[in-house]
Amino acid sequence: MGKLIRNISPAFHWYMQRITAMILVVGLFVHFWVLHFAIERPVTFEKVQDRLLSPGWVFFDVILLIAVIYHAFNGLYNVISDYNPRPALQKIIAWTLIFVGAIIVIYGILALLPFTRQGGV
Ligand code: HEM
């Protein structure tokens, strides 16, 4: 796994930072519009579940979650790397960010899943 991570070219992360930024521009607009403006008040549990019973919305939420976590954590790693930490420390920081990011993504997906089944929550 360490070798796999080392072999990923920095250019890949450079591109991914921009690709996730584009996903965020569109995704955050749709997210804010649908969930904060277009939805009729009051926002109820049933209205949220109604939306999440459609697989397209679950897919949208999962992609947005992965994009924002990748973008924020890779961005944070870039900021920290600008301060030239010792290689050993940089490695610990990278693995900590990968670990925490993966936990947040898994937790987010697990929190969404019950909504995808009628009467699942
Ligand atoms: C529409 C939303 C967003 C757009 C268009 C966007 C765009 C970008 C772009 C193009 C970069 C690369 C900058 C560079 O390498 O010079 C970047 C870096 C970064 N972004 Fe975003 N971003 C967005 C949202 C977010 C969000 C929501 C977060 C955090 C939760 C975030 C955190 C960061 C961080 C920490 C960096 C690294 C900054 C650096 O390298 O100096 N961004 N963003």
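Analyst: A residue is buried with 20 or more other C-beta atoms within 10 Å of its own, exposed with 12 or fewer, and partly exposed in between; C-beta atoms are placed from the backbone. This is a predicted model, so local features need pLDDT of at least 70, side-chain atom pairs count only at pLDDT 80 or more, and totals for chains, interfaces and linings use all residues. Residues are numbered from 1 along each chain as its sequence is written.

User: Is Asn84 buried or exposed?
Analyst: Asn84 sits in the loop between H4 and H5, where helices are DSSP runs of H or I, at least four residues, numbered from the N terminus. Its phi is positive, about 50°, though Asn84 isn't a glycine. Most residues other than glycine have a negative phi. With 8 other C-beta atoms within 10 Å, Asn84 counts as exposed.

User: Which residue does a cis peptide bond join to Arg41?
Analyst: Look in the loop between H2 and helix H3 (45-52), which holds a proline, Pro42. Most peptide bonds are trans. Here omega is about -5°, and the cis bond runs from Arg41 to Pro42.

User: Are H4 and H5 roughly parallel or roughly antiparallel to each other?
Analyst: Their axes (lines fitted to C-alpha atoms over the stretch in contact, angles 0 to 180 degrees between N-to-C directions) come within 10 Å and cross at roughly 165°. Under 35 degrees would be roughly parallel, over 145 is roughly antiparallel, 65 to 115 roughly perpendicular, and the rest oblique. So H4 and H5 are roughly antiparallel.

User: What about H2 and H4: at what angle do they pack, and how does that make H2 lie to H4?
Analyst: The axes of H2 and H4 are 9 Å apart, and the packing angle is about 135°. That makes H2, relative to H4, oblique.

User: Which helix gives the most to the shell around the ligand?
Analyst: There are 13 residues around the ligand, with Ala21, Leu24, Ala72, Gly75 and Asn78 coming nearest (C-beta within 6 Å counts as near). The elements giving two or more residues to this shell are helix H2 and helix H4 (55-81). With seven residues, the top contributor is H4.
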